[in-house]
Structure formats: C-alpha cells, structure tokens
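Visitor: I'd like to learn how to read a protein model. Could you walk me through it?

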Amino acid sequence: MSRTARETSPAREQILQTAAQLFYREGFRAVGVDRIIAESGVAKMTLYKHFPSKDDLIVAYLERANEGFWGHYAERVEPLPTAREKLEALFDWVAERAVSPACLGCTFSVNAAEFPDPHSPGHQVALRHKRAVLEKLEELAAQAGARDPRALAESLLLLMDGAWNAARVFGPGSHAGRAGEAARALIRAHCG
C-alpha cells in the first residue's frame, strides 16, 4: 500500500479522530493505545500499520492540530487588510474559542508539559508550532509598526498561552474572554 493510500484510509482516519478526542480531553499519558483501539473499533494490527508507535500517533494528531490552527488563521485573519487588524482578529478568535465549552486549552502546551524532554517527538512538534506562531506574531508586529516587534510578539504569545491555560483551568466563560481586549492594549502600547 502506498504512503498516500495509507494516510487517507478510513481506518487511519478513525484512529486519528478517536485519538484526537481522547488526547485532547484526557491527556496524552492518560490514554493508552488499547483504549484507542477499543474506542476506534480497529484491530491492533491496523493501528500499528498506520502508527508504528504511540509517539507516531501523537505526532500525527499534533500535526493535524497545527494544520487546524493555521486553517483558522487563513480563514479568519489572513483576509484582513492591515497587520494590526490581523493581530486584533487573531486575539478576538482566541478569546471566542477559549471561552467556548469545546475548548480545553492548548494541546501543544499540554503535550510539552506531559513530555518535557525537548527531544521527544511530540514536544518537537509543539515547539515548532509555538515558534511558527511567534514568528507570525513578530512579522505582523513589524508590519504594524511596533518599536520592538519581537517584544510585542513575545508578549502576545504569552497572552495567547495564558488564554489557553485559563480555558483549561477555569473552563467556559473564563477571563480568557478578555484576550482580544488585552491584545489591543499591548498593541497600542507597542505601536502607538
């Protein structure tokens, strides 16, 4: 079976969807492969054909989460005409998402916390994601006229991660709903 056929098979998709729900809701270490097999309804051999190890499954899930984040960015943020509007819209989306009942925080941060070794495969994906977000924030901060684009980007990423953490800890309706307002204050302070 070719790599492309294997990556698009219904069984692979079922495994990945099941793992995604369980990992996001309960954490990576709390969910074993046997549970994923049982809940996805696939044979153990089928899971291991598509994902030779749990790390491979975690990486595939995180890569899909990364694609989802950038898909939302492309849909809701990218079409806006100015960098400042893009930054504001991104944090309005974060605020909206973070207070929704479906949000349980940042899966990348959860993975990095559960697998603190920076060389672990999932941690590497999480780190790449966070670095890419930081780079995008810095790019937009520079385009928005920030005096120190890196400082603004780092502050905004702290705000974003704080909003995701508030969603995880406090649940729906948390103070994470103020992320857009807080981002505007940071942007004003750095851009005038």
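Visitor: How far apart are the closest N and O atoms in the salt bridge of Arg-35 with Glu-26?

Guide: Two bits of housekeeping come before that. This is a predicted model, where local features need pLDDT of at least 70 and side-chain atom pairs count only at pLDDT 80 or more, while totals for chains, interfaces and linings use all residues. Residues are numbered from 1 along each chain as its sequence is written, and side-chain values use heavy atoms, with hydrogens and water left out.

Guide: Now the idea: side chains of opposite charge can pair when their charged atoms come close. A salt bridge here is a side-chain nitrogen of Lys or Arg within 4 Å of a carboxyl oxygen of Asp or Glu. For Arg-35 and Glu-26, the closest N and O atoms are 2.4 Å apart. Glu-26 also meets Arg-25 in a salt bridge, at 3.6 Å from N to O. By this rule the count comes to 14 salt bridges.

Visitor: Where is the confidence lowest, and where is it highest?

Guide: Look at pLDDT, the predictor's confidence in each residue, from 0 to 100. The protein averages 95, and 96% of the residues score at least 70. Helices are DSSP runs (H or I, at least four residues), numbered from the N terminus. Confidence is lowest in helix α1 (residues 3–7), with a mean of 48, and highest in helix α8 (residues 121–143), at 98.

Visitor: What about the largest pocket: how much space lies in it?

Guide: Rolling a probe the size of a water molecule over the atoms shows where empty space is left. On a 1 Å grid over the protein atoms alone, a pocket is an open set of points where a 1.4 Å probe fits, with protein on both sides within 12 Å along at least five of seven lines; lining residues have an atom within 4 Å of a point. The largest pocket holds about 520 Å³. Its lining has 22 residues, and the closest to the centre are Tyr-24, Tyr-61, Ala-65, Arg-97 and Thr-107. Helix α5 gives the most to this lining, with six residues.

Key:
Helix = DSSP H or I, 4+ residues; strand = E, 2+ residues; numbered from the N terminus. Points joined across faces, edges and corners; volume = space filled by probe spheres on them.
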